[in-house]
Amino acid sequence: MKSHDIRNLYNTIFDASFLVRYGYYDVKMKKIESDYIQDDEIEEHYGIPENFYLKLLSLQDLYQLLNAADLRSYYDFKEVKKNVDTEPIYFNIPKSNYARREYKMPNLFSYLQLCYFLEDHKEEFIEMFEKNVQSTSKYFNELDFDFKFTKKMEQRLLFGGSNILSLDLSNFYHTLYTHSIPWVIHGKQNSKSNRSGGFSNDLDSIIQKCQYGETHGIPTGSITSRLIAELYMCYVDKELMEKGHKYTRYVDDIKYSFSTDAEKEKFLMDFNSICREYNLILNDKKTEIHTFPFKNDRQKMEIFNYFDDLSNKSKVLVWKNKINDFIDFCISEEARGNKGAIKCVYSVVMNKFKYSKISSELLNQVLITRENVTKFNIYEKFLDTSLKDSRLSNKFITFTEQLIELRVNKEKLKSIVRAYFKENKALYRQKLNHCISNGWNQEVYQILLYSVIFDEKELIGKTSLKKFSKVI
């Protein structure tokens, strides 16, 4: 990737319009935006966010208002502490079967102030990003800077040693002390003697404005939090590089290549010293040492090539059985540690449908028809799989929308969903009430979203509706 392409990437990201339209939900970029993008073209230029359905939660109106009115006049950028504090939106999603990931998404009034500030001070960020040689997260996985690209960077940075030390920070976003942002940029003592004005102090203050004055943690869920975290860690890199250390970092995950215990101990001593200085906490549970030959992450080639023996000449039952086995295989791979395998359930099948150029008649037979005795329906299995993991909501909805584009009968798909919920009404009402009682936002959001999209009117009772305001 050419240097001017990287600069173009950063200029796009740090544009307030981009940060509003795509950054709030952290939607990945596929193409650099040049002209106004219509809603129905959005996925051509941008991907699909993991957790929010943009066709119901779009920021298009705010984006248009941004271009039509001077919204900067609502903020004081000379004395940012005078601006109002707002309450963030808390929204949690499943991290694993037993843990939750908490999002703290800013009120849009404060978020827009942060967007303007980042746009005005983008050179402070870009200069640090361009100088940094240790980070593989400074491209934010946009465009061609994907996993394969950053993996090559990581491998090169780890050349030399026969051992790799892996470590990360504990709850980095949620425990980062906002006052430590000036500390890491200007030094702790210098910052404490000058606590007002200037880029770093203003950034500290604006982050507090986004979370009702709190200094504990930074907002999470939007790309702005990733930009701030990356800037912070670039300054940590700067200190470690000045001490002569070569390593690779992805946000707060660090890998250090070494051959002797003395090298490892020196790195740990220096890193721990920085953590103490800035109130960072090392996650001891994730501190590991790997010795050559290194174990690579489980690959997905078998998943991507699973349907190679199928074509538009294959029979309906062959397609059904193969897809059914594929879903089970992806679930099994996820359980074995092949992270992300379950997300391939929808995209790999859809790619096979598209590139096999199978007829709409065959597609309808594969997706719509039920088997006579078992009453099994493959689309229903896609639905059930998504409901077992709420993080798959958008994957399933997008899959359904793409099926309709391929002329699968829309009303029959919706009828399958409604029949599924009718048959399992008691189970899902119980699950819904359980999720509401536990404050599990993403699971409640998923059931509500499916009810709206598939015109399911019977699943959500009046009792559940009254409880929604407490959890959504």
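Which residues lie nearest the centre of the second largest pocket? In this predicted model, Y25, F52, L57, I89 and Y445 hold that place among the 18 residues of the lining. Local features were taken at pLDDT of at least 70 and side-chain atom pairs at pLDDT 80 or more, whereas totals for chains, interfaces and linings use all residues of the predicted model. Residues are numbered from 1 along each chain as its sequence is written, and side-chain values rest on heavy atoms, with hydrogens and water left out.

The protein contains 23 helices and six strands, where helices (H or I, at least four residues) and strands (E, at least two) are DSSP runs numbered from the N terminus. Its radius of gyration is 24 Å, close to the 23 Å given by the globule rule for 472 residues, so the protein is as compact as a globular protein of that length; the radius is taken over C-alpha atoms, and the rule is 2.2 Å times the number of residues to the power 0.38. Along the principal axes, the C-alpha atoms fill a box of roughly 75 × 55 × 45 Å.

Four strands form an open sheet in the order β4-β5-β3-β6, with antiparallel pairing, two strands being paired if DSSP finds at least two bridges between them. Because β4 (248-250) and β6 (288-291) stand at the edges with a single partner strand each, one side of each is left without a neighbour in the sheet. The twist averages 20° from one strand to the next, with axes fitted as lines to C-alpha atoms (for helices over the stretch in contact) and angles running from 0 to 180 degrees between N-to-C directions. Three bridges join β4 to β5 (residues 253-258), and in β5 the partner of R249 is I254, while that of Y250 is D253. These two strands form a hairpin with two residues between them, and V251 in the turn has a positive phi of about 55°. On pairing with β3, β5 forms six antiparallel bridges, and L167 stands opposite I254. Helix α13 (residues 261-277) lies across β3 (163-168), β5 and β6, at about 150° to β5, contact meaning heavy atoms within 4.5 Å.

The second largest pocket holds about 370 Å³ of space. On a 1 Å grid over the protein atoms alone, a pocket is an open set of points with protein on both sides within 12 Å along at least five of seven lines, a cavity is a set where a 1.4 Å probe fits but cannot get out, and lining residues have an atom within 4 Å of a point. Grid points are joined across faces, edges and corners, and a volume is the space filled by probe spheres set on the points. Both β1 (89-94) and α22 (441-453) supply at least two residues of this pocket's lining, and α22 gives the largest share, four residues. By class, the pocket lining has 16 nonpolar, two polar and no charged residues; Ala, Val, Leu, Ile, Met, Phe, Trp, Tyr, Cys and Pro count as nonpolar, Asp, Glu, Lys and Arg as charged, and the others, Gly among them, as polar.

One cavity of 30 Å³ or more is present, and the largest cavity has a volume of about 30 Å³. The residues L176, I181, I218, I228, A229 and Y232 line the largest cavity, and helix α12 (residues 223-242) gives the most to this lining, with three residues.

Two backbone features fall in loops. The peptide bond from F292 to P293 is cis, with omega near 0°, and P293 lies between β6 and α14 (301-304). L143, although not a glycine, has a positive phi of about 50° and is placed in the loop between α6 (122-131) and α7 (147-157).
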